[in-house]
Amino acid sequence: MGAVNPRRHPLIWAAVAVGLFGFAVSFALSWVPSLDFNEAATVISALRPWPALWREIHHIDAVHATYYAFMHLWFDLVGYSPLALRVPASVAAGVAAGLLVLLGTRLGNLRIGLAAGIVFAVLPQTMWMGFEGRQYEASMALATGLVLLFLAARERSLTGRRSWPWWAGYAVLGIVSQYVFGYLFMVDFGLMLLLVWPLLRRATRTRVALRTLGKFVVVVAVTIAAWVPLALLEVHEQGQVSWIQGLSFATLGQVLGLQFFPGNIALAVVGWAAATAGAVAGIAAWRRGRHTPARAIMAVALPWLVIPLGILLFATALGHHLYTPRYLAFTTPALALLIAVPITWIRMRRAQLVSALAIAAVVALAVPTWAAQRTTASKEKDSWNQIAAVITAERKEEPKGAQNVVVFGAAPAHRVVTSQVIADLYPSAFAGMDDITLATSYDQASGLWDTSRPLSAVLSRAKGANFVWVLTTTVSHQQQPDTRMLQSIGFRLHESWKMNGAVVLQFVNPSARA
């Protein structure tokens, strides 16, 4: 079997190349930022035994159940580490970028496909989700795959060719998508518009178009029916999104900025201007009756972008607070398609060079955001990996056989979780320590987090230790009750470290022997 000739399969090679580029952009230096609370939820859910995970999703986080199960299997295969946690998201970024090349080419041409894939890979939302241990990057890849399968099934159905394998494929992927992230069912609404609109305008043969619409309705009904058991559980747990705010002026900034361009105003201005130009070009071509790439892309990308946003904003306006920028991450490929239109419609000498320069300009605008995202404290300003590194380094200097106790106090910027979560995420730094305040570990709990008891209830267990480590917030250690209690039984403060909202205190027991 011979090697694939790149001259005969330029689209395949282009999709692979852009996919690798998308993976590299998201994966590079993904190990630098500290993990955050969202990723902590993934870790302590996926590391539970199966019965404990089953118990958890019946109390909280059913919406993430499929993703947690996948990550459980992934950690069984490769072992847990912060880097292993983030690899699947980077892979999903590459898959989504490669699929977008195929989709852009199908709707327009290879230049549009290449531009869309590259622009998508460097959009700030893509780069952020591409190194976060959550399923939002996977939702982008799944949404793009759904659109591709739909277009293939629709074309075969409208032309009288055998289409059921493609509709079946759409149904299977639709079920998987909704189990991975329930909001993906909204992709169906945008695609349904592609079938309903020609019927309303009598622009296609009515009988064939009606049969095609009927097939799609049946497929969507099957996917939603299959999702109902999980959906009912998610509705029952709706209280876990009580933190989402209602609509306000800040919502406009979320839609225009955080949803696709977090931390990059310049790229937001350029991106929205280009996307608007792409949408206007498509609408103009439609009004003139011209079949152009801009029209085809507008017909697919605009509903994909606007309808889910409209549904969540409308629900939030009615008091069901559902809109938050990350929940609409799966619409990011649609925005990239619209941005690609004006980049590639250039009609002048050396048009390909000009398009390449335009793409390079978008990439250049994205570079500062990429660099800012890959700093230690870029995620919620947490520096948990630095805390773990400090403790690891200091423990190496301790006498052999030294007994260590750890006391986990409040975690920065969280009302429920204690800093015990740091040990869950970076266990090697705390190996061998006696966690005397732990009441119930996460793998034994029905809820999401560990639970703790006050130090006063177990203070006697610290007496024989050589060192006690206290992890808490940056409130002065002189005011901490834990500090006073430890000093009352002979410990003295030896050293302290402050890092982005957290403080690490090391106490020594002069009378204890290693």
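**Close-up 1. Crossing of helices α5 and α6 in the predicted model.** The axes of α5 (residues 82–107) and α6 (residues 110–122) come within 7 Å and cross at roughly 155°, where helices are DSSP runs of H or I with at least four residues, numbered from the N terminus, and axes are lines fitted to C-alpha atoms over the stretch in contact, with angles from 0 to 180 degrees between N-to-C directions. The two helices are therefore roughly antiparallel (angles over 145 degrees). Residues of α5 in the contact (heavy atoms within 4.5 Å) include A93, A97 and L100, and those of α6 include I112, L114 and F120.

**Close-up 2. A299 in helix α14.** A299, which lies in α14 (residues 293–317), counts as partly exposed at 27% relative accessibility (between the buried limit of 20% and the exposed limit of 50%). A299 and V280 are 19 residues apart in sequence and 11 Å apart in space, C-alpha to C-alpha.

**Notes.** Residues are numbered from 1 along each chain as its sequence is written, and side-chain values use heavy atoms, with hydrogens and water left out. In this predicted model, local features need pLDDT of at least 70 and side-chain atom pairs count only at pLDDT 80 or more, whereas totals for chains, interfaces and linings use all residues.

Note on methods
Parallel < 35°, antiparallel > 145°, perpendicular 65-115°, else oblique. Buried < 20%, exposed > 50% of the residue type's maximum accessible area, 1.4 Å probe, protein only.
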